[in-house]
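This briefing sets out selected features of the structure shown below, grouped by topic.

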Amino acid sequence: MGQPELDTSQLLKGVLDLAVLAVLAEADSYGYDVVRRLRENGLDHVGDASVYGTLRRLFQAGALNSYVVPSDEGPHRKYYGLNPRGRKALDQSAHAWASFSKALNHLLNGRSNGHDH
Amino acid sequence: MTTDDQASDVPPYAAAVRAALSDLPHDQAEALLEDLEDHLREIAAEAGASLTERLGPPEQYAQELRAAYGAATSGKAQREPALRNLQRAIGSVTSSVWYQQLRAFLPELRPAWWVLRAYLVVLILTAALSPGYNLHPIPNPFSSRGLLEILATIGAILFSIRLGRRSHPLRPGRRRLAIGANVVIALLALPVLASMGTFPSFAMVESGAPEQSPDFASPYSLGSVTNVFAYSKDGKPLTDVLLYDQDGRPLTLAKDPDRTTDYPIGADGQPITNAYPLNQRRLDGTPVLQPRVAIPPWPATAVPASPTASPAPSPTR
């Protein structure tokens, strides 16, 4: 639409891998639970399909292991967890994110400083 | 917490998502959608609202999946309404209960196909290697050719089962190749099987109905024919008729274990085995009587029949 306002869902696209990896680093989890935990952490706009698709892609890429946990009520749950490759991807992505956000914060602070003076 | 109403939401929704992604390569779609149903059931169990209310229309859900999975965005397929309707129709079929049951049952038929495909491969190879050869559904085990065919079939079946039972799954590329090979076998077998039906069948000759005259266009089909009776067109029985196949080889019949045959001895002292009818006796010594035959009425327009059935008791070589 070309609106000047920042679209959170667009932002999320770039960092969803990182967010999912971070959630799984805390504890192994299944698809819907990952969605819930992302939302609990403030990422309200995360789409269910995006998370499910991301999990499948990361799994296909060999960053996750998975196992099925039978449940008495409701469907079986496929849990995902980080394997060494996933952990390495998380470290690298976290590092990239840290320097990216630092740069952006610096820019934004510079702007606000400029206004103040 | 799960009502039937919400749970029944899942199959149509999942089918619609699959239909919207049906342009993805099969293995990619499979990898992405493997446990879509379980995932949707989880959501349906939790939420009070319908899946469409919670997740948006399935087409939109599919687009989001596609984007997140990093698959190629569909081009024309999504815009063609006719194609989309077709995809939806396929989706509704594949989500129906009877289709699911059929899908679940089909893998049990796999071993039957392993045996059948081996049989078909030998049949196809036999037909390809010897075009004139008349195929039987079951080869005659008393001819060297038929025996070879049977042994080849047994070998092929063992090999085919070994192939089918291998424990590790194939890589996607190989898997597609294997499926293709199976389809090719099935397609190639069709004309071979069809051509088999045009010859007098083994079973028919075997029934031994005396009225049945064997078809001389296919000499090797005479699997269990024990004697041949020739008649002139005005119905006179011919004796000592020498028969040869298309390559000029004497046409001889397999020995009948229930009968003894007296062959005429040629001037060179060799028995003449292709002079018909054969002079046969039963094991108890009684001669085998000539069968009754129904001579078809000859067309009236033909040149007046000239009896050619001159008995030639002394066969020349």
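In chain A, 45% of the contacts between residues at least 6 apart in sequence join residues at least 24 apart. The model is a predicted one. Chain A has four helices and three strands, and their order along the sequence is α-β-α-α-β-β-α.

**Burial and surface of chain A**

- Of the 117 residues in chain A, 36% are buried.
- Chain A has an accessible surface of about 7,400 Å², and carbon and sulfur atoms account for 54% of that area.

**Helix α12 of chain B**

- Helix α12 of chain B covers residues 172-196, 25 residues in total.
- From first to last C-alpha, α12(B) reaches 36 Å, close to the 36 Å expected at 1.5 Å a residue.
- The helix α12(B) has a kink of about 25° at B:Leu190, which lies shortly before the proline B:Pro191.
- Its buried residues are B:Asn182, B:Ile185, B:Ala189, B:Val192 and B:Met196.
- Residues three or four places apart point the same way in an α-helix, because there are 3.6 residues a turn.
- The packing partner of the buried residues of α12(B) is α10 (110-129) of chain B.

**Nonpolar surface patch on chain B**

- A nonpolar patch on the surface is formed by B:Val93, B:Trp98, B:Leu102, B:Phe105, B:Leu106 and B:Leu109.
- Together these residues have about 570 Å² of accessible area.
- Helix α9 (residues 97-105) of chain B supplies the largest share of the patch, three residues.
- B:Phe105 is located in helix α9 of chain B and counts as partly exposed, with 42% relative accessibility.

**Salt bridge between the chains**

- Over all chains, the count of salt bridges comes to 15.
- One of them joins B:Glu42 to A:Arg77, with the closest N and O atoms 2.6 Å apart.
- This pair crosses between chains, linking helix α4 (residues 36-46) of chain B, where B:Glu42 lies, to strand β3 (residues 77-82) of chain A, where A:Arg77 lies.
- B:Glu42 is buried, because its relative accessible area of 8% is under 20%.
- A:Arg77, at 25% relative accessibility, counts as partly exposed.

**Salt bridges within chain B**

- B:Asp23 and B:Arg66 meet through their side chains in a salt bridge of 3.1 Å, N to O.
- B:Asp23 is in the loop between α2 (10-20) and α3 (26-33) of chain B, and B:Arg66 is in helix α6 (residues 58-69) of chain B, so the pair ties together parts 43 residues apart in sequence.
- B:Asp23 is partly exposed at 32% relative accessibility, whereas B:Arg66 is buried, with a relative accessible area of 0%.
- A salt bridge also forms between the side chains of B:Asp27 and B:Arg176, at 3.6 Å from N to O.
- Because B:Asp27 lies in helix α3 of chain B and B:Arg176 in helix α12 of chain B, this pair ties together parts that are 149 residues apart in sequence.
- B:Asp27 counts as partly exposed at 30% relative accessibility, while B:Arg176 is exposed, with a relative accessible area of 54%.

**Salt-bridge network in chain A**

- A:Glu26, A:Asp33, A:Arg36 and A:Arg37 are joined in a network of salt bridges.
- Side chains of opposite charge can pair when their charged atoms come close.

Note on methods:
Residues numbered from 1 in each chain as written. Chains lettered and ligands numbered in written order. Predicted model: local features only at pLDDT ≥ 70, side-chain atom pairs only at ≥ 80, totals over all residues. Heavy atoms only, no water. Helix = DSSP H or I, 4+ residues; strand = E, 2+ residues; numbered from the N terminus. Expected span 1.5 Å × (residues − 1). Bend = angle between axes of the 7 residues up to and from the residue. Buried < 20%, exposed > 50% of the residue type's maximum accessible area, 1.4 Å probe, protein only. Contact = heavy atoms within 4.5 Å. Areas by Shrake-Rupley, 256 points an atom, 1.4 Å probe, with all protein chains shown as cover. Patch = residues over 30% accessible without salt bridge, like charges linked within 9 Å, V, L, I, M, F, W, Y side chains within 5 Å. Salt bridge = Lys/Arg side-chain N within 4 Å of Asp/Glu carboxyl O.
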